[in-house]
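Okay, thanks for coming, everyone.

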Amino acid sequence: MALAYIPACKVLGTEGLHALRDVLQCTMITHQILLRGAAQCYLLQTAMHLTDVEKVSLPEISSFLLSLRQEESLRRDTMLWMELCRWLQANDGCFRKSITSDFEHEETSSLCQYVRSLVREYLKTPASERENCFMPDWFEAKLVATMILLAADVEQMRNKYRSGIVFYLEISNNTCGEYS
């Protein structure tokens with residue numbers, strides 16, 4: 001809890017994010033469910049407040065997020081989920097580009113580009129496995145599903161913000177026009 005309340009500063013890079021993920025994956029297993037859920041929430045807030053987004057990539061962020069248990073901490077439409085969406089939106093374009101990134105559309109957010117590449121990779125089946133029709137494991141499916149939902153919610157927030165600005169400008173213009 002104390003870590004989550006440290007004022008925002010850029011001190012965690014890839015190693016720090018991996019250390020937080022290791023805490024989630026290794027030491028939380030033995031905790032009671034309520035304690036584990038609270039600790040996961042605080043560790044996510046810690047990551048958002050202390051991570052230097054220029055030193056970590058979206059794949060590293062998504063790997064950390066997958067360490068959180070949805071049923072215990074990171075559930076859609078919760079305050080924590082919305083805080084994460086705002087953080088992703090605010091830092092879009094600032095994350096370190098991953099070596100495997102092939103982001104080609106500059107007008108599209110880096111999160112959406114990352115999710116597109118995740119979906120492409122998920123749907124791609126190696127030629128040797130086409131005969132056997134092996135499906136990717138549940139971890140990959142959970143990663144893709146979580147990131148699709150996050151990207152959709154971030155885009156929805158972005159669109160609400162844009163439409164709010166347009167509405168404000170229209171109201172301002174109409175009001176100014178009436179009095180001139």
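So, which residues in the largest nonpolar core touch the most other members? They are Leu44, Leu65, Leu84, Leu88 and Met147, out of 38 residues in that core. By nonpolar core I mean a set of buried Ala, Val, Leu, Ile, Met, Phe, Trp, Tyr and Cys residues joined through side-chain atoms within 4.5 Å. And buried means under 20% relative accessible area, with exposed being over 50% and partly exposed in between, using a 1.4 Å probe and protein chains only.

Where does the core come from? At least two of its residues are supplied by each of helix H1 (14-27), helix H2 (33-50), helix H3 (58-66), helix H4 (79-90), helix H5 (110-123) and H6. H6 gives the largest share, 7 residues. The helices here are DSSP runs (H or I, at least four residues), numbered from the N terminus.

Quick housekeeping: this is a predicted model, where local features need pLDDT of at least 70, side-chain atom pairs count only at pLDDT 80 or more, and totals for chains, interfaces and linings use all residues. Residues are numbered from 1 along each chain as its sequence is written, and side-chain values use heavy atoms, leaving out hydrogens and water.

Back to Leu65. Setting aside neighbours within four places in sequence, Leu65 is in contact (heavy atoms within 4.5 Å) with Leu44, Leu74, Leu84, Met147 and Leu150. Leu65 is also one of the buried residues of H3, a helix that is mostly covered, with 7 of its 9 residues buried. That buried set includes Glu60 and Ser62 too.

Now look on either side of H3. Ser57 is in the loop between H2 and H3, and it counts as buried because its relative accessible area is 3%. Ser57 sits 39 residues from Arg96 in sequence, yet their C-alpha atoms are 4.6 Å apart in space. Beyond four places in sequence, Ser57 touches Phe95, Arg96 and Ser98.

Ser67 is in the loop between H3 and H4, and at 10% relative accessible area Ser67 is buried as well. The Ser67 side chain makes a polar contact of 3.2 Å with the side chain of Gln25. For that term, we need a pair of N or O atoms within 3.5 Å; within protein, one must be able to donate a hydrogen and the other to accept it, and residues adjacent in sequence count only if both atoms are side-chain atoms.

Next, rings. The whole structure has 3 aromatic pairs. Rings of Phe, Tyr and Trp (its six-membered ring) pair if their centres lie within 6.5 Å; planes under 30 degrees apart are stacked, over 60 edge-to-face, and the rest tilted. Trp87 and Phe95 have ring centres 5.6 Å apart and planes at 75°, so they are edge-to-face. Trp87 is buried at 13%, and Phe95 is buried at 6%. Trp138 and Phe139 make an edge-to-face pair too, at 6.2 Å and 85°, but here Trp138 is exposed at 63% and Phe139 is partly exposed at 37%.

One last stop: Asp153, in helix H6 (residues 138-179). Is Asp153 buried or exposed? Buried, because its relative accessible area is 5%. Among the residues Asp153 touches, beyond four places in sequence, is Cys85, which is itself buried at 0%.
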